[in-house]
Amino acid sequence: MTAAGGAPARGAATLAIEAEGLGRDYGSTRALDALDLSVPAGSLIGLVGPNGAGKTTAMLLLATLLAPTRGTARVFSHDVARDRAGVRRRLGLVFQEPSVDGLLTVEENLRFAGSLAGLAGAAAHGAIQQTLTRTGLGSRARQPARQLSGGWRRLADIARATLHQPDLLILDEPTVGLDPEHRDRMWSLLDAERRDRGATILFSTHYLSEAEPADRVVMLARGAVVADESPATLRAALGEQVAEIDGPGADALVGELRRVGLVLLAHRAERGWRVGLSGSRERITELAATAPGIARLAIRPPTLEDVYFARTQAPVTP
Amino acid sequence: MSAAATVRGIVVRDLIRTTRQRSRLIAGLARPFIWVFLVGAGFNSIARLEGGLTYQAFAYPGGMVMAALFGGMLTAISTVYDREFGMLRLMLASPSGVPSVLAGRALSATIIGGAQGGIVLACASLAVHLTFQQYALSAAALVLIALTSGTLGLLVAARLTSVENFGGVINMVLFPLLFVSGALYPTAGMPAPLRALARVNPVTYMVDLVRHTFGQPAEFALSLDVAALAAAATVAFGVTVVLFDPEQRFVGKKPAAANR
């Protein structure tokens with residue numbers, strides 16, 4: 001889909017998403033407090049956070065399927081509250097569960113999706129054939145969707161969402177329940193959407209390895225943004241390495257590491273401490289060797305999962 | 001253009017789904033014939049009706065309305081399934097939004113209800129004698145009857161949150177509407193409270209309209225039947241637009257897999 005409704009055309013300086021203080025309450029429950037987000041067109045943005053952090057609410061607000069309680073947001077300059085149709089014309093949506101009709105064939109599902117996007121006649125036919133080829137669903141086009149495996153049904157869902165070539169794709173946990181093969185195929189399709197058409201992609205996931213290729217990772221916790229950087233920057237903030245420390249003496253060792261100024265961030269998980277450290281590996285090992293009651297000590301480079309625990313969980317001081 | 005494409009897409013999808021749910025289709029068509037020819041065969045010997053009609057001839061307009069009413073309302077109420085299984089939010093995310101979605105569903109309910117009623121009408125010679133003109137007028141009446149049924153179904157679906165309530169809707173809404181309408185027995189013989197209910201029941205005017213087109217004795221003027229049904233359809237659609245909550249159940253419950 002091309003720029004429509006008077007919105008600026010896609011370009012280097014174009015912002016796909018601008019959100020300022022965007023929030024939503026359900027009765028007395030504050031699902032999303034205040035989302036501030038600026039996403040350049042063509043970006044790949046990962047949205048991560050614990051269950052109930054506000055990820056789905058944020059995505060539904062941006063998709064105009066929920067009305068904001070406070071704040072504003074624009075998608076390609078279309079206001080999500082005042083110009084819903086303008087936003088929706090630029091949007092492709094994938095929900096947590098596949099939105100395909102089991103009684104319809106794959107091709108009929110695509111035709112239905114095309115009609116919802118305003119495609120008809122030769123334009124719809126051409127888009128469907130091209131999408132079937134692109135997604136590898138051609139041989140399953142006449143198959144009722146309910147006969148597809150979960151993986152193929154999800155790919156049919158991606159085909160549906162990308163049929164009208166939207167400028168912004170919003171995907172809510174698109175890989176849940178997929179085997180590695182279908183997950184890989186799905187990401188390959190989404191990569192092509194970015195590479196070939198410059199589509200912007202905002203996705204949520206609980207698989208943090210999926211957020212590694214993202215341009216930015218936005219972490220939500222308790223309805224608020226707690227981090228918004230590139231994966232490399234987020235990891236770097238944890239230090240040069242992360243120590244996993246477990247055992248009865250773990251609290252004392254973390255306290256000692258903190259006392260000598262090596263600790264950048266620390267989090268106590270179910271399986272012991274995860275501590276982001278700034279010192280050399282030898283120094284840390286030396287301190288640990290003299291500490292009693294350490295059942296397990298592993299030192300490794302930081303991962304996004306470490307960042308996730310450090311940023312989304314409440315801090316604990318030993 | 002976008003709104004027209006959305007409406008067309010919803011109608012085509014509903015028609016495909018209806019033809020692939022054969023047991024539901026057959027059950028919907030069997031219901032009026034069972035009443036008219038099985039129950040009606042017994043009632044023929046005990047019923048004494050105005051104008052010397054047999055009970056089967058008397059019940060045939062009601063049977064036709066029954067087919068259109070169930071077909072139209074159940075198609076419209078399938079919006080609840082779409083809400084439960086995640087297809088509704090897909091439709092609501094279309095640029096043309098809620099009015100197009102409701103209009104599309106009302107139109108498909110009209111077509112499906114009208115077609116089911118039309119099949120019963122096509123078999124009318126089994127119980128009554130109709131002229132070509134009476135067939136044509138009855139077909140025209142069916143359009144209004146199915147449209148009203150569809151909009152009433154949408155009204156029911158507007159706030160219905162779960163498919164678990166579906167059986168209850170049939171028992172608590174559809175059957176009472178039919179029983180208190182003059183479809184199966186004359187309203188003149190009803191107790192006063194039921195007769196008063198029949199006066200405000202749109203199905204009463206559906207049945208009465210078909211009695212006009214069948215050339216049978218009717219309770220109200222033809223113009224009143226048409227006006228009452230047009231008003232009911234308009235009010236039901238308008239109230240549905242107001243009551244319909246496009247945000248309902250988007251958050252808090254994951255839809256089940258779409259292997260329906």
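## Confidence

For the complex, the predictor gives an ipTM of 0.87 and a pTM of 0.87. In chain B the average pLDDT is 89, and 95% of the residues score at least 70. Among the elements of chain B, the highest mean pLDDT, 97, belongs to helix H10 (residues 202-214). The lowest, 84, belongs to helix H8 (residues 166-179) of chain B.

One stretch of chain B needs separate mention: over residues 251-260 the pLDDT is below 50. In the model this stretch of chain B has 24 contacts beyond near neighbours in sequence. Where pLDDT is low, predicted coordinates should not be read in detail.

## Chain A as a whole

Chain A has 318 residues, of which 49% count as buried. Its secondary structure comes to eleven helices and 14 strands. Taken along the principal axes, the C-alpha atoms of chain A fill a box of roughly 75 × 40 × 40 Å.

Among the contacts in chain A with a separation of 6 or more, 71% are between residues 24 or more positions apart.

## A:Leu22 and its surroundings

A:Leu22 sits in strand S1 of chain A, which runs over residues 15-26. A:Leu22 counts as buried because it has 26 C-beta neighbours inside 10 Å, and the cut-off for a buried residue is 20 or more.

Leaving out residues up to four places away in sequence, A:Leu22 touches A:Leu32, A:Ala34, A:Leu35, A:Leu61, A:Pro68, A:Gly71, A:Thr72 and A:Ala73. A further pairing is with A:Arg70, which is 48 residues from A:Leu22 in sequence. In space, the C-alpha atoms of A:Leu22 and A:Arg70 are 5.7 Å apart.

## The contact between chains A and B

The contact takes 31 residues from chain A and 29 residues from chain B. On the side of chain B that touches chain A, helix H1 (2-20) and helix H5 (87-92) of chain B each supply at least two residues. H1(B) gives the most to this side, with nine residues.

By class, the side of chain B that touches chain A has 14 nonpolar residues, eight charged residues and seven polar residues. Interface size is often given in another way, as the accessible area lost when the parts come together.

Terms used. Residues numbered from 1 in each chain as written. Chains lettered and ligands numbered in written order. Predicted model: local features only at pLDDT ≥ 70, side-chain atom pairs only at ≥ 80, totals over all residues. Helix = DSSP H or I, 4+ residues; strand = E, 2+ residues; numbered from the N terminus. Buried ≥ 20, exposed ≤ 12 C-beta atoms within 10 Å, placed from the backbone. Contact = placed C-beta atoms within 7 Å. Nonpolar A, V, L, I, M, F, W, Y, C, P; charged D, E, K, R; others polar. pLDDT = per-residue confidence, 0-100.
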